Amino acid sequence: MCVAFPGKVIRVDGSVAEIDYNGNTVKANCGIVDVKEGDWALVHAGLVIQVLSAEEGGVMQQLFAELNGEVFPND
């Protein structure tokens, strides 16, 4: 099973976006989806595959946190 995970875009440089996952940042290719700073993005295998609304991004992050037994603070 493959899982795409939501994160918040903190920087875009050409076709590379820096994504924040609760304080951990990674770079993801955004060549197929138009993203900008502040967007929530769904990332799979290092590729941004979808832009999410803030509500969708927050709900998905909370769901993943609950699945991991974590308490997730609301933004």
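Contact here means heavy atoms within 4.5 Å, while helices (H or I, at least four residues) and strands (E, at least two) are DSSP runs, numbered from the N terminus. This is a predicted model, in which local features need pLDDT of at least 70, side-chain atom pairs count only at pLDDT 80 or more, and totals for chains, interfaces and linings use all residues. Residues are numbered from 1 along each chain as its sequence is written, and side-chain values use heavy atoms, with hydrogens and water left out.

Let's start with helix H1, residues 54–67. Its 14 residues reach 20 Å from first C-alpha to last, close to the 20 Å expected at 1.5 Å a residue; the expected span is 1.5 Å times one less than the number of residues.

| Class | Residues of H1 |
|---|---|
| Buried (under 20%) | Gly 57, Gln 61, Phe 64, Ala 65 |
| Exposed (over 50%) | Glu 55, Val 59, Glu 66, Leu 67 |

Seen down the axis, the buried residues of H1 fall within an arc of 100° (from the directions of the helix axis to the C-beta atoms), so they line one face of the helix. They pack against E1, E2 (16–21), E4 (40–44) and E5 (47–52). Just after H1, Gly 69 takes a positive phi of about 75°.

Now to Gly 7, found in strand E1 (residues 5–13). Gly 7 counts as buried because its relative accessibility is 0%. Gly 7 and Gly 57 are 50 residues apart in sequence and 7.1 Å apart in space, C-alpha to C-alpha. Leaving aside residues up to four places away in sequence, Gly 7 touches Ile 19, Asp 20, Tyr 21, Asp 39, Trp 40 and Ala 41.

How values were computed:
Buried means under 20% relative accessible area, exposed over 50%, partly exposed in between (1.4 Å probe, protein chains only).
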